[in-house]
Amino acid sequence: YQITKQWRVTSFGLYLDRYWAIVSSTTGRILTMKQYPKLSQVSVDIIDDNQQIKLIISHPSSLDNLEVIVGAGSSEIIEVKLCGRKQEAISIGLNIADEWFTKLLDTKC
């Protein structure tokens, strides 16, 4: 692994680090690696060209990568369950991401 570029640090830590969660669309619960071990093999490449940030998400068992442009979705506020507590989160609102993770994990995301 080689770091080729500096990365922004926010008051929460590295920019975009741990900003994401996969949520069950039927229960509103955040899906974890403990429940879905395939998540441990998901890799993300971040491409920042100073115009937009693109995430390239891949998994060894998937033939297609998922490409997500940060901020391109609807940014809808949703309620999720984290550690048994209700929390507000922002949905990226991209059906293609929902479909990709649904197919990978065999559960509705």
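Predicted model: local features only at pLDDT ≥ 70, side-chain atom pairs only at ≥ 80, totals over all residues.
Helix 1 spans residues 95-105, and its buried residues are Ala 97, Trp 100, Phe 101, Leu 104 and Leu 105. Viewed along the axis of helix 1, these buried residues fall within an arc of 110°, so they line one face of the helix. The face turned away from this buried side carries Asn 95, Glu 99 and Lys 103, which are exposed. The packing partners of the buried residues of helix 1 are strand 3 (22-23), strand 4 (30-31), strand 6 (53-58) and strand 7. After helix 1 comes Asp 106, which has a positive phi, near 60°.

Between Gly 71 and Gln 52 the C-alpha to C-alpha distance is 8.6 Å, with the two residues 19 apart in sequence.

Asp 48 belongs to strand 5, which comprises residues 43-48. The relative accessible area of Asp 48 is 17%, so Asp 48 is buried, given that this class requires a value under 20%. The side chain of Asp 48 is in polar contact with the side chain of Arg 8, at 3.2 Å.

Technical notes:
Residues numbered from 1 in each chain as written. Heavy atoms only, no water. Helix = DSSP H or I, 4+ residues; strand = E, 2+ residues; numbered from the N terminus. Buried < 20%, exposed > 50% of the residue type's maximum accessible area, 1.4 Å probe, protein only. Polar contact = N/O pair within 3.5 Å; in protein donor to acceptor, adjacent residues only side chain to side chain. Arc of directions from axis to C-beta. Contact = heavy atoms within 4.5 Å.
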